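We'll walk through it a piece at a time.

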Amino acid sequence: MFTTRPELLGTFGMVGSTHWLASSTGMAVLEDGGNAYDAAVAAGFVLHVVEPHLNGVGGEMPLIGHDGATGRTFVVSGQGVSPAAATAGAFTDLGLDVVPGTGLLAATVPGSFGAWMHILAAYGTKSLREVLRYAIGYAAHGHPVLPGAAAAIKAVAPVFTEHWATSAEVYLPDGAAPQAGALVTNPVLAATLERIVTEAEAASRNREEQIEAARRAFYSGFVAEAIDAFAATKQWDGSGEPHAGLLTGADLDSWVATEEDPLLLDVAGATVAKTGPWGQGPVMLQQLAMLDALDIGSAELGSSEMVHTVTEVAKLAFADREAYYGDPDHVQVPIQDLLSPAYCAQRARLVGPEASTDFRPGSPGGATPHLGQAVLAAMAADAGHDAGVRLPGQGEPTLDGGAVSAGPVAGADIEGAERAGRGDTCHLDVVDRWGNAVSATPSGGWLQSSPVVPGLGFALGTRAQMFWLEQGLPASLAPRRRPRTTLSPGMVLREHGPMAFGTPGGDQQDQWTIPFLIAHLFGGHNLQASIDAPSWHTTHLPSSFYPRQAEVAGLHVESRLGEQVLSELRRRGHRVTDAGPWSLGFISAAGRRADGLLHAGANPRRMQGYAVGR
């Protein structure tokens, strides 16, 4: 079978990610004697530098790890919480009925840094300087800017020039956006990371104590002080008006990354591990359980029957997401009932031969589904065909299209600018020769999301846009609460070892990985062939990103499925959008095969993801 790249095989170590420089960095750490955790931290910080339009140091990062020595699989929550002052009233008093998609009001506590420090201290072997020197080097001395990053900077350049001067200083140093491939630097970020390392080394000669000192420098020291001061200033945001933020230094000081057990599902002779319902990971488990009940393994890969069945199952799982998912530290989520075989089999029986236009959450354990008014309005309005105001920087760029009204980019190629200017996500996977594995999905803190914090060189995240201001919902805004994020790393556990996988893509993360897992787990295809396989996703759900739109019966497909398949899907009632031949899904994966060999693959779409190993 032809694949765009070979499936990599070896015995030493494998790294796959959304950028070749991050993958090479992770491999360099493995070659230097580091383990998968050391490699993941080093690669993750490089992603913060070289994919600034997709993630940043001020963003968030859930992670799933597998410890080869003990066989334990665990989740690290690098999702920061909402500020103590974040109440619905704080927004409605400003005349807002949703959390803006850009600017300081949408900031939660930056979680990526704390999660990386936790992993490095608890499971790594390298010093802070050894893992951060790669990111510092690329920020100080330069890296070739990606076409997507160059396009994103160009798209939001008018916003930078008119409103966000601190961002213009970093990304428009000569007054213009860089050309794709040009060498760009971020000396302010390099200085921030170097200062953190220097303060850590001054605090102690002990590795773990240095890492803790670095964490304090970020959450209680000079980084927190800079964020506290800047968040109190009024900055332009997605509402079209300037607002001060709600985040404070006290919010950062009170937060730490935490570990928890993953949610697990046995399917196709393997166990799939995902995060809890503060992320959307359980929707993958729900889909897999329903598809197993429907004997999806007997369907032809890429057939109209398979695409239709997977799409209808996704609609059911995402309806449950809207009705029940939230931060389980604060709301009751009936997760065991949602994942029970009986419930999933009952839900699977709702899949019919035609595309459903209903939004149908279930009643796990007899629970009554509660959908917010905004959810009902989005589905009723079919806003995917009647988009409102949307400016560069808002939402994630997983879908093209959508109307944009005049604003800071008036007079430009507005629709093209809007597409290029949405922030997205990164992903990386690492497996080492000792059986350790890491799957991490850094996101948020995009250069488009919020103005650069003066003196730090990075922007804050905007994950609070995923909260609903309507109260009484599982994902309602409240102080010190994790938003119900879309970030969704994954791990497949088998007797012979783990396989880490994941993709960027917002609401699509736990859709694009379904065809991948069907091809690999049910179809027996290797990692690269499974990544290369044509993909699709439904938009029959309210987007998790501002302005929270939906497209009833929407189905976006790669044209490589074939016109016959697309025609049959249309006949069944799906509103099919041909997204082009290579456009959906940015998956990477790395793991251990049954014969003991390590293997890895990475996505050819976007032409920047890469896997390396030996």
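What follows goes from the confidence of the model to a sheet with its helices, and then to a few single residues.

This is a predicted model, where local features need pLDDT of at least 70, side-chain atom pairs count only at pLDDT 80 or more, and totals for chains, interfaces and linings use all residues. Residues are numbered from 1 along each chain as its sequence is written, and side-chain values use heavy atoms, with hydrogens and water left out.

Let's start with pLDDT, the predictor's confidence in each residue, from 0 to 100. The protein averages 93, and 93% of the residues score at least 70. Over residues 383–395, though, the pLDDT is below 50, and this stretch has 56 contacts in the model beyond near neighbours in sequence (contact means heavy atoms within 4.5 Å). Residues 397–419 also stay under 50, with 48 contacts beyond four places in sequence.

Now find the sheet. Here helices (H or I, at least four residues) and strands (E, at least two) are DSSP runs, numbered from the N terminus, and two strands pair if DSSP finds at least two bridges between them. An open sheet is built from 7 strands in the order E1-E20-E19-E15-E14-E11-E10, with antiparallel pairing. Strand E1 (8–10) and strand E10 (263–267) each have a single partner strand, so one side of each is left without a neighbour in the sheet. Ignoring direction, neighbouring strands are turned by 15 degrees against each other on average (axes are lines fitted to C-alpha atoms, for helices over the stretch in contact, and angles run from 0 to 180 degrees between N-to-C directions). For a look inside the sheet, take strand E14 (residues 490–494) and strand E15 (residues 497–502), which pair in the antiparallel sense over 5 bridges. Leu 493 has Pro 498 in E15 as its bridge partner.

Which strands does helix H12 touch as it packs on the sheet? Helix H12 (residues 282–293) touches E10, strand E11 (270–274) and E15, and its direction makes about 20 degrees with that of E10. Helix H18 (residues 509–522) lies across E10, E11, E14, E15, strand E19 (588–592) and strand E20 (598–602), running at about 145 degrees to E15.

On to single residues. Buried means under 20% relative accessible area, exposed over 50%, partly exposed in between (1.4 Å probe, protein chains only). Glu 558 lies in the loop between strand E17 (554–557) and helix H20 (563–571). Glu 558 counts as buried because its relative accessibility is 0%. Its side chain reaches the backbone nitrogen of Leu 584 at 2.9 Å, and the residues in contact with Glu 558 include Pro 534, Trp 582 and Arg 605.

Asn 436 sits in the loop between strand E12 (428–432) and strand E13 (437–440), and is buried, at 7% relative accessible area. The Asn 436 side chain makes a polar contact with the side chain of Asp 432 (2.9 Å); that term means a pair of N or O atoms within 3.5 Å, where within protein one must be able to donate a hydrogen and the other to accept it, and residues adjacent in sequence count only if both atoms are side-chain atoms. The side chain of Asn 436 also reaches the backbone nitrogen of Gly 68 at 2.8 Å.

Finally, Ala 180 is in the loop between helix H7 (165–171) and strand E6 (183–184). Is Ala 180 buried or partly exposed? At 47% relative accessibility, Ala 180 is partly exposed.
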